[in-house]
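This report describes side-chain interactions in one protein chain. It begins with a helix and a charged residue, then turns to salt bridges and aromatic rings.

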Amino acid sequence: MEAISTAYEPGAVEQKWYEAWIRNDAFRAKVPSVQPGYSIVIPPPNVTGVLTMGHVLNNTIQDILARRARMLGKNVLWLPGTDHAGIATQTVVERQIRKEGKTRFDLGREEFVKRVWQWKERHGGMIIEQLKRLGCSCDWSRERFTMDADYSREVRAAFVELYRKGAIYRGKRMVNWCPASLTALSDEEVIATPVSGFLYVIKYEIVESPGRFLQIATTRPETLMGDTAVAVNPRDSRYAHLIGGHCWRPFPRTQIPIIGDDAIDMEFGTGVLKVTPAHDKIDFEIGQRHGLEIVDILNPDGTLNALAGEEFAGLDRFEARKRAVEKLQELGLLSKEEPYQHTVGYSERAGVPIEPRLSEQWFLRYPEVARTLTAVRSGEIRFRPERWIKNFEHWIENIQDWCISRQLWWGHRIPVWYHRTEPGRLHVDTEPPADLENWEQDPDVLDTWFSSWLWPFATMPPDLRTDFYPTNDLVTGPDIIFLWVTRMIMAGFEFQDAKPFGDVFFTGIIRDVQGRKMSKSLGNSPDPLDLISKYGADGLRFGLLRIAPHGQDIRFDEKQIEEGRNFANKLWNAFRFRQLQGMIEAVRPPQALSPYSVHILSLLNRAVDRIEQGYKDYLFTEIAQTLYDFVWSDFCDWYVEAAKTELKSDKDRVNCLWVMDRVLSAVLRLLHPFMPHITEELWHRMAFGTGSIQFAPLSELRVEVTLDERAARFAADVYQATSITRNLRAEYRIPSNKKIRIVLKPATANDFTVFGRLSGAEPLEVLSDYEPARGEPVALTPIGQVFLPLEGSLDIEAEKQRLTREITKLEEELAAARKKLANQNFVSRAPAAVVEEHRKRETDFSGRLEQLRERLAALAE
């Protein structure tokens with residue numbers, strides 16, 4: 001048995017064991033296997049990605065589930081991989097090419113795609129290596145990439161099958177267009193972002209009544225050159241009589257009709273809408289109903305084209321906005337300009353405002369919608385926390401066809417070929433036509449999510465699907481509940497006739513201590529690798545899980561990660577203490593246990609039950625806190641200290657060491673999913689098992705022996721009495737390491753040796769008929785009255801002076817707090833939390849003042 005060193009060095013231990021696990025194929029799922037299967041697929045990080053705190057949280061939870069399943073005797077497949085991330089990856093490579101003074105168009109499609117593959121081979125595995133440093137127990141032999149050849153075949157097959165069913169079609173529709181990435185986006189890839197802008201009120205002269213104007217409010221004067229009508233609500237008495245007439249568009253100056261449409265909001269602005277069918281979804285729908293001309297004044301890159309007029313052609317859309325406002329002012333047609341808060345759709349990837357744009361795209365009518373809705377509502381697929389079901393239902397009930405084509409070069413190219421000489425003739429298949437020279441393939445690629453919605457089954461060859469599909473759990477963020485989770489459910493039912501997973505656990509978003517979302521621009525996003533170097537992977541994992549409440553956002557504080565490291569050190573020292581006591585041969589439960597041993601075994605059983613329930617409810621933070629409290633407080637702070645008395649006794653020593661081993665073996669197995677490296681190291685150093693702790697069974701965690709409840713209650717009473725006595729000593733400024741005379745007037749007869757040692761008594765006098773001196777400090781405890789005879793332990797006069805000064809200071813603070821609360825302006829205007837804080841101060845100050853006055857009175861007697 002290797003001795004446990006004085007200090008724990010996480011870096012060396014973590015590297016040693018991860019290399020050993022990889023070398024021994026510890027994470028590889030066995031096929032075939034007689035063991036029941038457990039599977040979980042990793043939400044594939046972008047191939048461009050690097051490890052973030054969000055990844056740490058998500059993958060630690062997945063690792064906890066996978067490692068626990070192995071310990072439950074299951075054949076585990078935790079399938080890893082990465083996503084090709086169409087827009088993100090193409091953007092990275094295009095940025096590199098621009099440094100060479102070129103664009104992708106200079107290279108051509110084939111050469112550009114080759115360059116992307118080269119980039120992927122050089123840099124794409126970075127996040128995988130980082131996940132290994134975190135300790136993730138994925139089956140790396142089965143790592144997948146969404147552009148792997150066999151995965152690509154699955155994607156093409158899905159497209160072809162849906163096309164042949166009539167679910168996929170091509171049409172000209174209003175789409176979300178990203179001027180930076182030059183591609184269409186689905187609604188789910190657009191982030192509604194609050195923006196501080198301006199509302200402009202423009203005058204449109206009525207043709208039939210020269211000198212009279214319609215006032216129209218808009219946030220986008222730069223699009224008025226594409227106006228082809230002005231619309232009012234036919235029920236609006238202010239304007240109904242104008243329907244059928246015309247007004248002058250300011251520029252290029254031309255007559256446009258005044259139409260009536262029920263979609264017009266009479267309460268917004270002036271109740272009059274300028275209709276620009278090419279650049280707004282609602283306007284487009286109005287235009288379709290009224291047969292309006294569509295005038296597209298924007299180029300794909302967000303600049304204005306010739307249809308906007310000579311002075312605007314070539315201008316960026318935001319520069320054109322400024323110029324349009326200036327021109328309106330020059331023409332005397334700008335009535336008003338005022339600040340305005342509104343919401344603008346931003347491209348999730350490029351971070352720029354999107355443009356509604358009429359474009360020829362491929363669309364999918366979502367399959368299996370009703371079955372998907374039923375599966376979640378019925379509990380066939382369980383969302384945890386359940387509150388996300390409402391968001392899911394809202395999206396399903398308002399679902400729109402999915403725009404699945406993207407104007408990119410990197411990705412799964414749409415498997416559609418157009419005949420060069422026979423217009424309208426298509427070849428839609430997983431493989432190109434035999435006479436390829438007569439055909440031209442569609443230039444677009446599929447939305448990245450069209451490949452990742454197949455992830456739970458497309459990553460598995462048939463032999464794996466037999467044992468591991470459907471998967472058991474999915475751990476992901478709620479931000480992709482529509483982009484990914486819901487679509488995977490649909491795909492599972494559509495292509496496998498089975499749900500893709502049973503339980504979905506939604507993590508919270510990690511924020512800084514101020515509640516802000518972490519981002520590089522704010523400088524509030526720590527590098528997980530730095531934290532691993534500083535605190536160890538286990539310290540990071542455990543520290544983060546302790547502050548990650550069930551599905552709620554997390555306020556990140558590095559001090560919590562430091563506590564994770566401190567916990568690892570505490571664990572290490574507890575095992576070192578045990579090892580130094582020597583080994584024992586006893587394998588059977590002892591016949592007689594001390595009250596303190598009975599108590600710790602009772603607490604172990606209770607902790608095991610809480611942890612089991614925690615896993616059933618996916619309450620990972622509660623599990624972590626239960627382990628922390630049991631190890632740090634129950635075992636180290638109390639039992640180990642109490643046991644030092646037993647360890648000095650030849651009669652009790654073996655029994656005590658048996659209990660310690662029983663508890664510590666259980667602790668390592670319970671902690672292993674959270675802190676895999678240190679638990680593996682200690683498992684071997686203590687020789688608790690011959691193989692890896694990863695496969696140590698979770699049986700015999702509870703101690704199934706009769707435990708004397710009265711004995712356990714007595715131990716708990718001793719610990720409580722110790723805490724009360726320590727507080728009493730602190731109140732009288734008696735140093736915790738100073739041995740003093742303590743008198744216990746017991747409630748019942750018992751052995752109080754442990755209490756005397758824990759409370760710093762030297763001596764402890766147990767006297768049933770003790771008569772204390774007048775004013776002698778006393779505390780009532782569960783085991784009796786505890787007295788502190790102060791002669792020789794305290795300078796009475798100095799203590800009186802100190803108490804008098806503290807009382808005076810506290811009276812001033814209490815008066816200030818009460819004065820503040822008596823001020824009605826403060827109470828009515830200050831935030832509720834601030835007022836509540838002042839009320840709490842008043843209560844605390846009052847209670848403390850009463851204690852100090854009582855203590856001073858006692859000393860004066």
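## Glutamate 680

The side chain of glutamate 680 makes a polar contact with the side chain of histidine 684, at 3.0 Å. The model is a predicted one. Glutamate 680 belongs to helix α22, which spans residues 676-685.

Although glutamate 680 is buried, it has no salt bridge. The nearest side chain of opposite charge is that of arginine 67, 6.2 Å away, whereas a salt bridge requires a side-chain nitrogen within 4 Å of a carboxyl oxygen. Leaving aside neighbours within four places in sequence, glutamate 680 is in contact with Trp17, Trp21, Gly691, Ser692, Ile693 and Gln694.

Helix α22 is mostly covered, with nine of its ten residues buried. The buried residues are Pro676, His677, Ile678, Thr679, Glu680, Glu681, Leu682, Trp683 and Arg685.

These buried residues of α22 pack against α1, α2 (53-71), α6 (126-134), α17, α18 and α21 (650-671). Alanine 687 follows α22 and has a positive phi, near 55 degrees.

Arginine 487 counts as buried, at 0% relative accessibility. Glutamate 188 is buried as well, with a relative accessible area of 16%.

Another salt bridge is made by the side chains of arginine 220 and glutamate 355, at 2.7 Å from N to O. Arginine 220 is in the loop between β8 (213-218) and β9 (229-232), while glutamate 355 is in strand β14 (residues 355-364), so the pair ties together parts that are 135 residues apart in sequence. Arginine 220 is buried, with a relative accessible area of 19%, and glutamate 355 is buried with a value of 3%. Both residues take part in a network of salt bridges that links Arg220, Glu222, Arg317, Arg321 and Glu355.

Arginine 323 forms a salt bridge with glutamate 326, and the closest N and O atoms are 3.5 Å apart. Both residues lie in helix α9 (residues 317-331), three residues apart, which is about one turn of the helix. An α-helix has 3.6 residues a turn, so residues three or four places apart point the same way.

Arginine 323 counts as partly exposed, at 22% relative accessibility. Glutamate 326 is also partly exposed, with a relative accessible area of 40%.

## Aromatic pairs

A search of the whole structure finds 43 aromatic pairs. In one of them, the ring centres of tyrosine 8 and tryptophan 572 are 4.9 Å apart and the planes stand at 35 degrees, so the pair is tilted. This pair links distant parts of the chain: tyrosine 8 is in the segment before α1 (10-23) and tryptophan 572 is in helix α18 (residues 558-580), 564 residues apart. Tyrosine 8 and tryptophan 572 are both buried.

Helix α18 also contributes phenylalanine 567 to a pair with phenylalanine 542, which lies in helix α17 (residues 537-545), 25 residues apart. The rings of phenylalanine 542 and phenylalanine 567 are stacked, with 4.6 Å from centre to centre and 10 degrees between the planes. Both of these phenylalanines are buried. Helices α17 and α18 are among the elements that the buried residues of α22 pack against.

## Ring cluster and charges over rings

Which residues do ring pairs link into a cluster? The cluster consists of Phe159, Tyr163, Trp362, Tyr366, Trp395, Trp402, Phe450, Trp453, Phe457, Tyr469, Phe482 and Phe495.

The charged end of lysine 120 sits over the ring of phenylalanine 145, 4.3 Å from its centre. The charged end of arginine 173 sits over the ring of phenylalanine 363, 4.2 Å from the ring centre.

Key: Residues are numbered from 1 along each chain as its sequence is written. This is a predicted model: local features need pLDDT of at least 70, side-chain atom pairs count only at pLDDT 80 or more; totals for chains, interfaces and linings use all residues. Side-chain values use heavy atoms; hydrogens and water are left out. Rings of Phe, Tyr and Trp (its six-membered ring) pair if their centres lie within 6.5 Å; planes under 30 degrees apart count as stacked, over 60 as edge-to-face and the rest as tilted. Helices (H or I, at least four residues) and strands (E, at least two) are DSSP runs, numbered from the N terminus. Buried means under 20% relative accessible area, exposed over 50%, partly exposed in between (1.4 Å probe, protein chains only). A charge sits over a ring if NZ of Lys or CZ of Arg is within 6 Å of the ring centre and within 35 degrees of the ring normal. Lys and Arg count as positive and Asp and Glu as negative; His and the chain ends are not counted. A polar contact is a pair of N or O atoms within 3.5 Å; within protein, one must be able to donate a hydrogen and the other to accept it, and residues adjacent in sequence count only if both atoms are side-chain atoms. Contact means heavy atoms within 4.5 Å.
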